[in-house]
Amino acid sequence: MSNYIAIKNNQTIPVQNIPVLDYEDFFALNTGLIQHEENHCVSYFGYRIQDKLKLTCCMANDTDGNILISSCEIKTNAREPYPSFTAHHLSFHFFERELHENFGINYAGHPWLKPVRFSFDRTNKDSRIENYPFYQIKSEELHEVGVGPIHAGVIEPGHFRFICNGEQILHLEIQLGYQHRGIEQLFLNKKKLLQRTTLAESIAGDTVAGHTTTFVNLWESLCNYQADEDLQFARTLALELERLAIHTGDLSAICTDIAYQLGSSVFGRLRTPLINFFQIWCGNRLGKGLIRAGKSNFYFTEGLRKQLEQLLDAYENDYGQMWEEFHTLPSALARLEKTGVVTREQAIAIGLVGMAAKTSGIRRDVRATHVHDLYGQLNHQPVVKHHGDVYSRAHLRNKEIRQSMGYIRKMLQNIPQENKNRRPLSSPQPASFTLSLAEGWRGEICHCAVTDKDGELMHYKIKDPSMHNWLALALAVRNNEISDFPICNKSFDLSYCGHDL
Amino acid sequence: MSIVSFLLIIFTSLFFTGIVIRTKSIFSGRKGPGFFQPLKDIRRLFRKGAVYSKTTSFIFQIAPSIYFASVLMAIFMVPFGNQPGIISFQGDFIFFAYALALGKFFIIISALDTGSSFEGMGASREALYSLLVEPAFFILMGSFALLTGHTSFYEIFGSLHFGSYISYGEGTLAAIVLVFIALIENSRMPVDDPKTHLELTMVHEVMILDNSGFDLGLILYSTNLKFAMYGALIANFFLTPGYEWYYSLPIFIGVQIVFAVIVGTVESFMARFRMNHNPQYIFMLTSISLLIFIGVLILKKFV
């Protein structure tokens, strides 16, 4: 018998089918799997079963689209520290820090068990942000700059501690967790489907379509429900529209950060009609209320199709001109090129996902490797860039914007009929495990759920792409000027609340 | 009549920033605020009390007033065509530069006084850029002193004769250098971005983060005054002495407006420089000034 089980995206399996290993085998299996570049860890979490902790590790294979699940039961009060996965591959650092924080597991060889978030339910209640020892380097020449937690542009809270040699950044420590709302716990506390869907919409306000699609796909799989094509159509369209809107907004923000006013205002103006289209479609600019498990309250009508086509025609023309202007402007290129580089080696080591991974030469895109909804029909080919600098990330956005426009136009040619009498959702299958992946505009979103013998949610695990990618920002700004930090930060545009949950 | 230039500079300072902001608004497709909005903001600040951090000393409290006074002092020395400034003496352009430097010095140490790491960075950047601008200004004014044989603003501008092609070239180059110096000294693009909200990229703005109320109003108004002052200096290259006021006045106002529109246009259509490119850029001004100097040597020797 194999020591893992391979599933596909959005596949539900009985929990008992997941092999339970002892820690040595579990460790050997997963640190062995990650040595292959095609594998990366999409989720690694633990939940209590009586006095034991059940660890589940999900490794996604980007070549054959399998997700390899293995599990292990350990004691939380063990004297001996457990060998750390992170010591073998850095990409596990986040998951192990979280396990350490939530369950007090001690790890041997973990380079830095830095707090993830200062949550109310953490094991060690004495460790607070007030007494957190930030990383320090003692030297007369160096100086520290602390930014935040209140953001200068009043977006989301996070603390950035720079250690600088003059204008040059030697080290950046990022401490988040100010927005911890206990979303994963709320998923268990709130019993109604509507409450849970609303929670999923609130994980990160800029990725409503991404997180909600992941949740409803997971829920439908858990209830053994095959979504009709018109539902899948709406989800795919919402994902691509969201990508289009946020990428355009990000280009505007990049221009703002280099003080290029024309780009800032034109891209900003182009973003607004896209977001407003969500308002026309479902009554909310962020797309809240649009995606529901097993049903849809807002069918995509012929009238909407016409409006969207007109909107795209107007958008495409202006966008094309503005991009042409922007990417040939010497003063803008001087700011973007060779700034904030993440090398391919770094990207693999820290397990980058999504946009950031694609700019460092890694072909990692759920739309192509673990297809869901209508992406199978669209035959998505990810855009891959190789320089890993701010310019690549801006350029990737441009390419993806054009790609998304193409997908939307293609989808609008063939709108599926609304299914008027849908099969109602049944209740979730008991003692099951489901994993759902979706490619939000920022990258790979992963939700996992485990149900108990009555079919109630026993554990819900959310992973936003930001969790992998924040470390990339810290690495990217090293040896850059401190004044280039805002532009590096904006080029990743990571989520604070998606990380803090 | 020597008060004319002072009054004119005060007058232009009232709408200068308004024109810059309106230009930027129009280029970005917005209607934009009224011409006097910056002034209204300053008036609002003047009516507020200031808040002082406990870590600051008296330096922080007196610095804005000294800064404002130093700019006023410098304005006293700017002539208007054939009218001297309120103060005019041999070598007044040196006094002009160091009066401004005194004000800047106090703003820099008041920024350090707050003990904030941001303001320290801003102070270091501002000090570096002012230091680099200085040679450009002195070589420029020194060249004209050599050319005309005079050492005060009034006499230099009063006896500038544009006779040969070289001297026309000199005048143009000098105007360009002064425009750039004004942009740098006023912390505008492409060296600094007055609109940014990011402390890490600011130069001048970050130094005044802790100032509030009346003090902030003084500093902001000083910036307007400085702009109008440099505008007046540039205008002086175009005010040929002996012209009647009804020629000089429109030229003066016209130059100020064109200057403001240029600033607005530059800020609309280019990105700002990377911080470590700024010193190279500022050094360029010194080399242009050296060109002017060589031109003057040629003029003195051969013409």
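## About the model

This is a predicted model, in which local features need pLDDT of at least 70 and side-chain atom pairs count only at pLDDT 80 or more, while totals for chains, interfaces and linings use all residues. Residues are numbered from 1 along each chain as its sequence is written, and chains are lettered from A and ligands numbered from 1 in the order in which they are written.

## The whole chain

Chain A holds 17 helices and 14 strands, where helices (H or I, at least four residues) and strands (E, at least two) are DSSP runs numbered from the N terminus. Of its 501 residues, 51% are buried, a word used when 20 or more other C-beta atoms, placed from the backbone, lie within 10 Å of a residue's own.

## Helices H4 and H5

Helix H4 (residues 193-201) of chain A packs with helix H5 (residues 208-222) of chain A at an angle of about 145°, their axes lying 8 Å apart; axes are lines fitted to C-alpha atoms over the stretch in contact, and angles run from 0 to 180 degrees between N-to-C directions. On the H4(A) side, A:Thr197, A:Ala200 and A:Glu201 meet residues of H5(A), including A:Phe215 and A:Val216, with contact taken as C-beta atoms, placed from the backbone, within 7 Å.

## Helix H16

Helix H16 (residues 485-492) of chain A is mostly covered, since eight of its eight residues are buried. Those residues pack against several elements of chain A, among them strand E11 (168-175) and helix H6 (229-257). After H16(A) comes A:Asp493, with a positive phi near 45°.

Notes. Contact = placed C-beta atoms within 7 Å. Buried ≥ 20, exposed ≤ 12 C-beta atoms within 10 Å, placed from the backbone.
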